Structures are given as structure tokens and as C-alpha cells.
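Please read the points below alongside the model.

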Amino acid sequence: MKYFKEEGEKIICLLCAHYCHLKEGQKGLCGVNQNVGGTLKNLVYGYPVTLHVDPVEKKPLYHFLPATRALSLGTIGCNFKCSFCQNWSISQEKNLHVKEFIDPSRIVEMALKYECASIAYTYNEPTIFYPYAKDIALIAHQKGIKNIFVTNGFASREVVEDMSGIIDALNVDIKSFNKTYYKKNLGGSLESLLENLKAWKKKGMWLEITTLIVPTQNDSEEEIHAIASFIADELGVDTPWHLSAFHPDVHEQHLPHTPLSTLKRAYEIGKNAGLHHIYIGNAGVENTTYCFTCKNILIE
Ligand code: SF4
């Protein structure tokens, strides 16, 4: 796909649903895509700031290549502005880190060297570095390596179409079920997220959902029930749901850690909505996967 389109003196970035209109020299909301000479330049292409070998369960994906490794990478920047971001130091970083260029084939070589079954585009929002992720992902497929997006789900319609057949699995955040909260507090759109989730599901891409439960922000019974019901009704009851505990970070020091009791209540709400596989993360809880039918342990 072409990552931008021209409109008079400006270009429109087609990477995420903000569709930033950029004059010559201007950067978009994410700070890492810029109009340079009438084309879109992805300023973080080749410049990951984090690169780790992680268990795929840490993404978290529990039902996709379990017990394998994922080479995981992220850049700076984000198209959201969540005050509770747990990767704040890179997602809201404004200075480019351009010391060493790492071309896509070198990333794949590393994945092979460290025996990774997949490459995960994660830590910050991968949609904003999709041109880099896609080039890596195409080479990865040639070597039999799968590709994972860990995303806020605010990709453009164009990227949602384009990633089909390139990205194999996604962990997508549903951070709230409140339209106003998505717009004002996060800088996104609940409607776009839900449409994208339905589109990915329709395309047969593997989906798991994460909800970071933040005390006082999204922990009401009604909201948790609305999220669980959407997953069950629109994505299917076999879609794993990861309930993640919040810990106070840079901007939200006044909020407490998410109590285990809140996470357990959310778990019950999810079960009542019909979801088969719910996991509690960041809280020291064991997350065994059971067969929903015979109840035997599948993965411990
Ligand atoms: S990726 Fe999104 S936020 Fe960044 S320039 Fe493009 S449209 Fe704007």
C-alpha cells in the first residue's frame, strides 16, 4: 500500500485513524511520521529502541504458538496519550534515537539466531511504524516466522486491509467502553477500535484482547460487562481475554494498584458473559489453560 495520499499542498498519512494532514516539514500526532518533500517519511524506520527475546505469553498471547519465543521490538512514539501508559518512557518520548540503523533482514536474522517462532511489534504502538514492521514481517514469513501486533487497535482502514496475510496474530487493547473517555483521555476512538476488531476477526486473524483495569477509570461493573459482552458477541467466546492489573506510574501516582478482588470480579463478569478463556495478568496469579469441554489442563 502507499502510506499517504496527496491533498493539495498537504499529504494525508494513512497509517492510523487520525489521518493527520501534514504540510511540508510537519510531523503527525505520533511525532514519528513527517511530510518530507511531499512524501511520508517514517522517522523511526530501522531504529528500534527496545529489542528483547520474550516468551510469547508475555505479549500476552496464550493461544498462539504457546511455549515459544517472540523477538519483540518497539520504537519511540504513540498515537494515543494514555496517562496510565505502562511503557510511558518510550511511547511518549519525543527525541529520536537514531544511533544504529537495523535493517529488516537483520531483525529476522536475530529472530532465527535466538530460535524465535515469531516477531512481535510491541512496547509502543506498532501502527505508527507499520512501514518498518511490514518490511520485517514479509521477510519473516519467507523464513517461516510468524508476526504479532500488540496494538491499541487504532489502525487506519487501509492498514487493517493491508496487514491481512502479513500479520498473523494480534493482541488488542480494549481500554474502556466509554466513547468520551476514549476521545478525551486517550486521544482515540472507541468506534474505530470496535470496527477494526470486527474486521480482523472477519479476516481470520488470531485475536486476543487485553484490558488494563485502572481503579476509578474503567472498573465499574457496567463497563466491564460491556467489554466482555462485545468480545463474546462480536469476536467469539473462544477469544482469550487478559485482565491486567494497573500499577501507579509516572502520571497516575495518586491511583492505587488494581486490587486482586477487582480483577476476580471482572473475571466472573467475563465468565457470566460466556467467555471461555480469561487470564489475570500482572498480579501473580497462575494462568493455566484448561480445555473448555473436558476441563483437563492443556498448558500450565
Ligand atoms: S501514524 Fe497516525 S498519528 Fe502518526 S502521522 Fe500518521 S495518522 Fe498521524
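How exposed is Arg-265, in terms of relative accessibility?

1. Arg-265 counts as partly exposed, at 28% relative accessibility; buried means under 20% relative accessible area, exposed over 50%, and partly exposed in between, with a 1.4 Å probe and protein chains only.

2. The model is predicted: local features need pLDDT of at least 70, side-chain atom pairs count only at pLDDT 80 or more, and totals for chains, interfaces and linings use all residues. Residues are numbered from 1 along each chain as its sequence is written, and side-chain values use heavy atoms, with hydrogens and water left out.

3. Ten salt bridges are found in a search of the whole structure (a side-chain nitrogen of Lys or Arg within 4 Å of a carboxyl oxygen of Asp or Glu).

4. Arg-265 forms a salt bridge with Glu-221, their closest N and O atoms being 3.2 Å apart. This pair links distant parts of the chain, 44 residues apart: Glu-221 lies in helix α7 (residues 221-235) and Arg-265 in helix α8 (residues 260-272). Helices are DSSP runs of H or I, at least four residues, numbered from the N terminus. Glu-221 is partly exposed, at 43%.

5. Within helix α6 (residues 190-202), Glu-195 and Lys-198 are three residues apart, about one turn of the helix. Their side chains meet in a salt bridge at 3.4 Å, N to O. Glu-195 is partly exposed at 48%, and Lys-198 is partly exposed at 30%.

6. Asp-54, Lys-58 and Lys-59 are linked in a network of salt bridges. Between Asp-54 and Lys-58 the closest N and O atoms are 3.7 Å apart. Asp-54 is buried, at 6%, whereas Lys-58 is exposed, at 58%.

Methods
Helix = DSSP H or I, 4+ residues; strand = E, 2+ residues; numbered from the N terminus.
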